[in-house]
Amino acid sequence: MNNILDNEIKFLPGVGPRRADLLAKELNIHTFRDMMYTFPFRYVDRSRFYAVRDIDGTGVYVQLRGVIRSVKEVGAARAKRLIATFSDDTGTVDLIFFKGIKWVSEKLKAGSEYVVFGKPSFYNGSYNFVHPEVDSIDAEMNRTSSMIGIYSSTEKLQNAGITNKVFSKLQMNLSKLCAGKIQETMPQYILKAKSLCPLPEALFNIHFPQNIHALYAAQRRLKYEELFLLQLSLLKQKCVRMRENEGVVFKKVGDNFNYTYDHLSFPLTGAQKRVLKEIRADVVSGKQMNRLLQGDVGSGKTLVAILSALQAIDNGYQACIMAPTEVLAQQHFGSVSKFVDTEKIRVALLTGSTKPKEKKEIYERLENGTIDLVIGTHALIEDKVRFSSLGLAVIDEQHRFGVEQRSRLWSKSRIVPHILVMTATPIPRTLAMTLYGDLDVSVIDELPPGRKPVVTTQVTESKRQAVYDFMRKEIDSGRQVFVVYPLIKESEKLDYENLEAGYDAIKEEFKAPQYIVAVVHGKQTNENKAHDMKLFAEGRAHILVATSVIEVGVDVPNASVMVIESAERFGLSQLHQLRGRVGRGAEKSYCILMTGNKLSSESKERIAMMCQTTDGFELAEADLKMRGPGDFEGTRQSGLAIDLHIANLVKDSPMLEEARKDAQAILDSDPELKNPENTLLVRSLQGVEVDFKDYSKIS
Ligand code: ADP
Ligand code: MG
């Protein structure tokens, strides 16, 4: 059946090839459907008028009603512009037009009354409007709806004359064209049970609501559908995985596990024990485990990984632990050597800097089964790596790997391994289940005893000397200090310059040979990096200057001070990760957030949150609220960002839970969606499943 929404956007009246090109490039709109599902991000109630006096810097759209006093052209040639002076009883603002001057000047008559709609900007000491919408009072009176949708736009679109008004007009053309032709996507029985309005109605009202109630009804219907289909898709894939992928069974808890367990110098935390039980239940179930382990930095995930690996090994299978950086892989290798009986277990380290000859030997031994446990980086997913019988794959700091990279671990062995992915980024459970596909989620919500909260303060540039003095005091009493610089792709060059300058300043302040300063960043050779990292890890360097990308997960218990440069440039979860590098030993620890003097209100809020709490979950939630899940650290670069049109995984989390339950109930009674009443769902899912193809292979 032909679906009108599949038409290319260039066929929409008012669009044409040139605008079609722009819409594709700027807003990713290619089809009628894309256009129809580009919803307003805000609505303005146009029955409300602002007074000029009340305009402030909050950047919202406002509507004014008043008289144009004068219209004049100023400037010459390219600087030419039209300025209309507009006032109401409370004040005067300028309306400024750089384009379409001739047309605008014909339309605007001094002395007449108009309604002006736009976003005020502040320039040269007063507010003005650049390219506002201006309607004569008559036209304004003819409006059918008082709610006006505001759509995202870009500078290019504005310059090409596709203003909000024009865009809205195109949406209206589309609605008219599609009237009576939009197919329902949800079965009637669900619409009825959830009191949801039909799709055509929702799609019209989301663009052109008559009133706030119609808008809410439309939003609810569209959000629910989006979340429901998302959950249905994920849960269905989980059903398939459970059916198709048998899991190897780790029948016994054997000698190697017991050896490590009995030789620990500390008791496991309650949370570690609980998670180990959850993992144990998975690996004896006969189904493949696909589990996400969340735990704050320093909560002891590595040990859980090692104890899980030992269960595989005790049952005659191999295990691997993959880490995102060389430094981390080395550190895990160190931990493994500390915790396991290396007389009995054959462990190897495979990274980018492993010598070719050694690599070749490791490949051979993995394939013939004479290595039990391999720790490594991306080197583990290279084609040459083959396992004889991989029973468990652990992926640490999983957000640092792409979906596709992770999925390669699947094909490395003739059996399907159990998968444990670990992350220190704490996110609400339902969100985790959604972002990370159909994984089960375990949480370590308890830190090992004796950890003291890291004292966190904000310090501005002018007090740098005091920070140096404090560092010196800590170093002189035997502690070590991290100094971390931001590294952001867009400003990479500048960032490196900052780091170099900072490194020089610190070397100047902390002179050799009394003080040793190590430095680690992405532009060094692996050898130099490893050398300096080792200096610091072994306590021979007092200060480690590093970029933020390098040091995820490094464990140096003797470090007691974390100085974060340009802290305002980091996101909350990143700041929290960095802070987690200290406070691991018995000493009191400090995190110093160096910032500029002038901060945006959002940065201020972030820094204040950091100083207030050390609870990762609390921070994660605040972070999500401030930035939205689309921005959530790691979700974008790992290809997991879910592009939702209207629902918000955080704000709509109650509805997300509801949708998940509903989806589960339907699958429980009709696992393959074969009932006639569900055939519509199968079709609707097709659209969703395309997006989630890689998802099923997340592990
Ligand atoms: P993360 O969860 O950030 O990966 P790690 O696994 O690196 O944390 O653990 C941090 C430190 O805590 C390590 O030095 C580890 O040996 C130690 N540790 C792990 N579990 C416990 C425990 N139950 N009691 C005390 N220390 C622990
Ligand atoms: Mg770790």
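For the residue classes used here, Ala, Val, Leu, Ile, Met, Phe, Trp, Tyr, Cys and Pro count as nonpolar, Asp, Glu, Lys and Arg as charged, and the others, Gly among them, as polar. The views below come from a predicted model.

**View 1. The shell of residues around ligand 1.**
Ligand 1 is surrounded by 17 residues. The closest of them are Gln272, Gly298, Lys301, Thr302 and Asp555. Sorted by class, this shell holds 6 nonpolar, 6 polar and 5 charged residues.

**View 2. Polar atoms facing ligand 1.**
A polar backbone atom of Pro267 lies 3.0 Å from a nitrogen atom of ligand 1. At Gly300, a polar backbone atom is 3.1 Å from an oxygen atom of the ligand. Lys301 takes part through its side chain, where an N or O atom is 2.8 Å from an oxygen atom of ligand 1. On its own, ligand 1 has 570 Å² of accessible area, and the protein covers 85% of that area.

**View 3. Division of the protein into domains.**
Domain 1 spans residues 47-142, domain 2 is made of 255-285 and 300-423, and domain 3 covers 455-613. Taken over C-alpha atoms, the centres of domain 2 and domain 3 are 30 Å apart.

**View 4. A mixed sheet of 7 strands.**
The strands of this open sheet follow the order β6-β7-β4-β3-β2-β5-β8, and their pairing is mixed. At its edges are β6 (120-123) and β8 (133-136), each of which pairs on one side only. On average, neighbouring strands in this sheet are turned by 45° against each other, with direction ignored.

**View 5. The pairing of β2 with β5.**
Strand β2 (residues 62-74) and strand β5 (residues 113-118) are antiparallel partners, paired over 6 bridges. Within this pair, Gly66 stands opposite Tyr114 of β5.

**View 6. A parallel sheet of 6 strands.**
This second open sheet is parallel in its pairing and has the strand order β17-β22-β21-β18-β20-β19. Its edge strands are β17 (455-460) and β19 (517-520); each has a single partner strand, so one side of each is left without a neighbour in the sheet.

**View 7. The pairing of β18 with β21.**
Strands β18 (residues 480-485) and β21 (residues 559-564) run parallel and are joined by 5 bridges. Phe482 stands opposite Met562, a residue of β21.

The peptide bond leading from Ala512 to Pro513 is cis, and its omega is near 0°. Pro513 itself is found in the loop that links α18 (492-509) and β19.

**View 8. A positive phi at Asn28.**
Asn28 is a residue other than glycine, yet its phi is positive, near 60°. The residue is placed in the loop between α1 (16-27) and α2 (32-36).

Terms used. Residues numbered from 1 in each chain as written. Chains lettered and ligands numbered in written order. Predicted model: local features only at pLDDT ≥ 70, side-chain atom pairs only at ≥ 80, totals over all residues. Heavy atoms only, no water. Near = heavy atom within 4 Å. Polar contact = N/O pair within 3.5 Å; in protein donor to acceptor, adjacent residues only side chain to side chain. Areas by Shrake-Rupley, 256 points an atom, 1.4 Å probe, with all protein chains shown as cover. Domains from an automatic or database assignment. Pairing = 2+ DSSP bridges. Helix = DSSP H or I, 4+ residues; strand = E, 2+ residues; numbered from the N terminus. Axes fitted to C-alpha atoms, helices over the stretch in contact; angles between N-to-C directions.
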